[in-house]
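Subject: Structure handover

Hello,

Here is the structure I said I would pass on. Please open it alongside the notes below.

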Amino acid sequence: MIVAPASPTVSGQDWPRPPACLPASRLQEPPEGARVTVAGLVILRQRPGTAKGVIFVTLEDETGIVNVIVWRKIYERFRRAVISGRLLRVTGRMQRAHSVTHVIAEEIEDISGMLDLLVRGDGQAGLP
């Protein structure tokens with residue numbers, strides 16, 4: 001994942017906001033409800049039968065993991081990316097509950113095509 005320079009401060013903190021990506025290790029910095037963008041490899045997709053259409057996606061970047069919640073309407077809109085994406089960029093709102101941080105997805109982009117850049121080590125390319 002490539003992180004762009006921080007944009008203007010919010011709550012006294014400098015942290016990347018869309019379209020830049022926030023690394024997993026910095027998810028504690030944005031305030032509750034802040035709009036952030038994260039990116040990472042999909043390591044888990046869960047759609048429990050008891051979750052009423054909610055999908056839980058776990059992304060991993062070089063600094064840790066990100067828990068993403070995808071509500072049914074968002075899933076229907078970004079279905080292809082959610083199902084087949086290996087590397088995703090997710091924009092959404094921060095939510096914290098019971099010491100667990102989630103990103104509630106609003107937009108999901110399949111950036112799996114960038115995996116070749118990671119393999120080559122071409123970190124200067126930037127996100128599309």
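This is a predicted model: local features need pLDDT of at least 70, side-chain atom pairs count only at pLDDT 80 or more; totals for chains, interfaces and linings use all residues.

Residues are numbered from 1 along each chain as its sequence is written, and side-chain values use heavy atoms, with hydrogens and water left out.

The sheet

Five strands form a closed barrel in the order β1-β2-β3-β5-β4, with mixed pairing. Strands (E, at least two residues) and helices (H or I, at least four) are DSSP runs numbered from the N terminus, and two strands pair if DSSP finds at least two bridges between them. Neighbouring strands of the sheet are turned by 55° against each other on average, direction ignored; the axes are lines fitted to C-alpha atoms, and angles run from 0 to 180 degrees between N-to-C directions.

Strand β2 (residues 55-61) pairs with β3 (residues 64-70) in the antiparallel sense over seven bridges, and Asp61 stands opposite Gly64 in β3. β1 (residues 35-46) runs antiparallel to β4 (residues 87-97), joined by seven bridges. β1 also pairs with β2, antiparallel, over five bridges; here Leu41 has Glu60 in β2 as its bridge partner.

The cores

A nonpolar core is a set of buried Ala, Val, Leu, Ile, Met, Phe, Trp, Tyr and Cys residues joined through side-chain atoms within 4.5 Å. Buried means under 20% relative accessible area, exposed over 50%, and partly exposed in between (1.4 Å probe, protein chains only). The largest core has 24 residues, of which Leu59, Val70, Val90 and Ile108 touch the most other members. β1, β2, β3, α1 (72-77), α2 (79-84), β4 and β5 (100-110) each supply at least two residues of this core. A second, separate core of seven residues includes Cys21, Ala39, Leu87 and Met114.

Two residues

Thr37 is in strand β1 and is buried, at 1% relative accessible area. Its bridge partner in β4 is Thr91, and the side chains of Thr37 and Thr91 make a polar contact of 2.7 Å. A polar contact is a pair of N or O atoms within 3.5 Å; within protein, one must be able to donate a hydrogen and the other to accept it, and residues adjacent in sequence count only if both atoms are side-chain atoms.

Glu107, in strand β5, is partly exposed at 37% relative accessibility. A polar contact of 2.8 Å joins its side chain to that of Arg35.

Regards
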